[in-house]
Amino acid sequence: MDKGTPKAIRLQDYRPPAHRIDRVDLHVDLGEDVTTVRAVLAIRRNPDRADAGTEALTLDGQRLVLRSVAVDGRTLDAADYTLTPDHLILTDTPDAFTLETVVEIKPQENTALEGLYKSSGNFCTQCEAEGFRKITYFLDRPDVMAVYSTTITGDKARYPVLLSNGNLADSGDLADGRHWARWEDPFPKPCYLFALVAGTLVHGEERFRTASGRDVTLRIYVEPGNEDKIGHAMRSLVKSMRWDEEVYGLEYDLDIFNIVAVGDFNMGAMENKSLNVFNTKYILAKPETATDLDFQNIEAVVAHEYFHNWTGNRVTCRDWFQLSLKEGLTVFRDQEFSADMNSRAVKRIADVQGLRTVQFQEDAGAMAHPVRPDSYVEINNFYTPTVYNKGAEVIRMIHTLLGAENYRKGIDLYFARHDGQAVTCDDFVAAMADASGVDLSQFQLWYRQAGTPELAVTGRHDPATATYRLTIRQTVPPTPGQPTKQPMHIPVVVGLLGPDGADLPLRLEGEAAAAGTSRILHVTAESQTFTFQDVAARPVPSLLRGFSAPVKLTSDLSDADLTFLMAHDSDAFNRWEAGQILGGRILLGLVADQQAGRALVLPDSYVDAVAAVLADADRDPAFAAQALVLPTEAYLGTQMAVIDPDAIHTVREFARKTLATALRADWLAAHRRNVTPGAFSVDAAAIGKRALKNLCLAYLMAAEDAEALGLCLGQYHGATGMTDVIAALQFLSNSPAAEREEAIADFYNRWKAEPLVVDKWFSVQAMSHRADALARVRALLDHPAFEIRNPNKVYALIGGFANGNPVRFHAAGGEGYRFLADQVLRLDPMNPQVASRLMGPFSRLRRYDAARQALMKAELERIVGTTGLSSDVYEIASKSLE
Ligand code: 0A1
Ligand code: ZN
């Protein structure tokens, strides 16, 4: 690194700011060449930092051309301040004063999509985490909260819509074809929640009356031509607002709520106060262009960003180490919202699948970090599955430990104490503990210790005493920087099934009478035994119901026990889980066979178990569709000491083919039963039927028979909804059939005018497990529809290959690794966030064999050795090599 090695920032070094900024008046003059930002800041010394004495005022600022600085109306000479590439430093300032700066920026050249930038000719902003410093000089840290006014001036023809946070206070026309608008946001906020949008946009509008009678105007702005794809997002917003009132007692607090959808966005969406900015992927939907999963994701992300208005905006983070304070809590809230709107069990299964593949992989790699990290080099690298999804599991466990009523009391206390403040995860836990009286001191380790805890469970039934004893041992594996761990407080929810499959009433040793059929076992020590009384016959335990803690659990349950649970467990999640454990066990056994050169045989008992689920599938098609999917290649990898991507792929395909052939008639029949003729609908029942139908088709296609191919082609050409069309295309793209290429070409021609649909087309090809996948991906980089500057395109094509195609990405020759490193180096100078987000697979190199490790290391060394690397990519590459 020519700029010197970037330094780690540590939680233990946190100091409150030496200065506060109470008020910000921004004047943004938008231009085609230069945009001018005049900022008037009311600054004073922070009374809470008496020790700061006369500490200099060090404002953050990057890539800004400074035109002038004035203190209390007096313009400063260059000698009166210090200017560095990252800071503007003023010494000897009064205790309270007005600072006025004027800077110039060039949003049209901003390819990093952080700060003020352009997307399809429209101006928009992304300030989290540290983008505001690319707009003006400021104390760019979340514990500096100010009241803002924003005056935007721009060409009226090009930018008829001018938006910022808060309420529109005034607007007017200027002589030269320009116009202006002034927005005022009464709520103090950190600068990462600032937003500005200017452009040619159309909008859909709705009214919402809050529980206390405030009328709110809801608007969703999109580029012209997309008006017909706003409805679902708007309905989702209305539902979220109502849900937050009903479940959390939280109302919206302004008269307007605006959402703007932009095509170029690094992440999913952003919760800027009253002006959310979204990636189009999470707004635009109609059945012809969006899949059922897209519809569900839109509902979840719209809710997530809306929920941030309280959990994130009204109460925000003191520093970026506390990111999970807002993200873990808000993900938990959006998960529960989606569970209430759809099927709770199916939602939980999907969330756990995501956690177990993506987050467990992170926990096992070089970037493993606690939910509250204690150091970072580049904060943008910490918007992770650990902070978001494991963070949500931590809140879920608090909910479990406190119960719904006490949880709500804790939430109420949290807002009573901290509304308008920037606080820590400890503050949140303290409110929860104080409101409920539940001791969460050991539980707090979940915020500090990285790694996935492992639980080993054994059960012993004693007919003589009619007792059943569960012994639970916990270990937390070492992670980078944390070689030894303390035992955690893990809530393990269990039930016991009697011989008839019904839940037994539960009485633990020491209790006078039985109560309930599900219990939280508080696992707090390295080893503990829990004894259940009055258990006459050997029960089958249902362990970790609802996935009550984010752990890896192993047990001494037999295959027969698991089959029994699949059929009888009253906990729907665990009925699914039993099937996954059984499937995982069998597939991992076959992986060992494959590695040892033994013949592969799928046990008949497993085929029977799958047949039983399929026979019962129509009762709950959505659930069955989940239960009939074999554990994914990524998940199987997480269960192995050394991941063997080839063996995993071979075995899983073998199992799919065997099941396809053995149960061919059943798949065909279930497929036929779940084809829904007539009008297309995206209600939960129709979604479930489609999921099951497409799963059946996937199996049938795995058998490579002509009838299946006919069905698949028929579906591809005849379907009206994108769910069915893209599913068929995906199966075709994996198949050896000659019709494959025709369909791929046809799809592009049909959908080339819809960028989000073209993204799907790129992904399907990138994830095809056919041998030519990489060659195709390389060719597609030159396709006219591919744009390296558009994050969605990069994630679809390059990310699809690196993350969604393990067998081809990990090709033994290393060509997949070389390809990814080339793309990272090409992207880094344009967009470091996107470049660094592609590097996930490299951070897990230690999980592979020596030859693959060496190949990945060579690529990482090539990356680290490149001059001018961003801190984003440098951090991941260097940590992966450690
Ligand atoms: N806070 C947003 C996610 C987000 C984070 C960072 C971004 O830029 C680096 C953009 C968006 C959320 O949780 O939805
Ligand atoms: Zn969020």
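Strand E5 (residues 65–71) and strand E9 pair in the antiparallel sense over six bridges, where two strands count as paired if DSSP finds at least two bridges between them. Helices (H or I, at least four residues) and strands (E, at least two) are DSSP runs, numbered from the N terminus. The model is predicted: local features need pLDDT of at least 70 and side-chain atom pairs count only at pLDDT 80 or more, whereas totals for chains, interfaces and linings use all residues. Residues are numbered from 1 along each chain as its sequence is written, and chains are lettered from A and ligands numbered from 1 in the order in which they are written.

**Regions annotated in UniProt**

- An unreviewed UniProt entry assigns residues 52–193 the feature "domain: Aminopeptidase N-like N-terminal"; UniProt positions are given in the numbering used here, feature names are shortened, and annotations may be inferred rather than shown by experiment.
- The span 52–193 is 0% helix and 53% strand, and its end C-alpha atoms lie 27 Å apart.
- The unreviewed entry in UniProt also places "domain: Peptidase M1 alanyl aminopeptidase C-terminal" at residues 559–882.
- The span 559–882 is 70% helix and 0% strand, with 41 Å between its end C-alpha atoms.

- Strand E19 (residues 256–262) is largely enclosed by the rest of the structure, because six of its seven residues are buried. A residue is buried if 20 or more other C-beta atoms lie within 10 Å of its own, exposed if 12 or fewer, and partly exposed in between, with C-beta atoms placed from the backbone.
- Strand E18 (residues 215–222) pairs with E19 in the parallel sense over five bridges, and Tyr221 has Val260 of E19 as its bridge partner.
- Helix H27 (residues 871–881) is mostly covered, with eight of its 11 residues buried; among them are Val873, Tyr874, Ile876 and Ala877.
- The buried residues of H27 pack against helix H24 (815–827), helix H25 (832–837) and helix H26 (850–864). Two residues are in contact if their C-beta atoms, placed from the backbone, lie within 7 Å.

**Surroundings of ligand 1**

- Ligand 1 is surrounded by 15 residues, of which the closest are Glu128, Met267, Met270, Asn380 and Tyr383; a residue is near a molecule or strand if its C-beta atom, placed from the backbone, lies within 6 Å of it.
- Strand E20 (269–270) and helix H2 (292–307) each supply at least two residues of this shell.
- The shell comprises five nonpolar, six polar and four charged residues. Ala, Val, Leu, Ile, Met, Phe, Trp, Tyr, Cys and Pro count as nonpolar, Asp, Glu, Lys and Arg as charged, and the others, Gly among them, as polar.

**The four-stranded sheet**

- Four strands form an open sheet of mixed pairing in the order E29-E26-E25-E31.
- Strand E29 (527–532) and strand E31 (552–555) stand at the edges with a single partner strand each, so one side of each is left without a neighbour in the sheet.
- Strand E26 (residues 467–475) and E29 run antiparallel and are joined by six bridges; Thr471 is paired with Thr529 in E29.

**Two individual residues**

- Pro541 lies in strand E30 (residues 540–542) and is buried, because 21 other C-beta atoms lie within 10 Å.
- Not counting residues up to four places away in sequence, Pro541 touches Gly459, Leu470, Val494 and Leu496.
- Leu413, in helix H6 (residues 404–418), is partly exposed, with 17 other C-beta atoms within 10 Å.
- Leaving aside neighbours within four places in sequence, Leu413 is in contact with Ala431, Asp434 and Ala435.
- Leu413 and Met432 are 19 residues apart in sequence and 7.7 Å apart in space, C-alpha to C-alpha.
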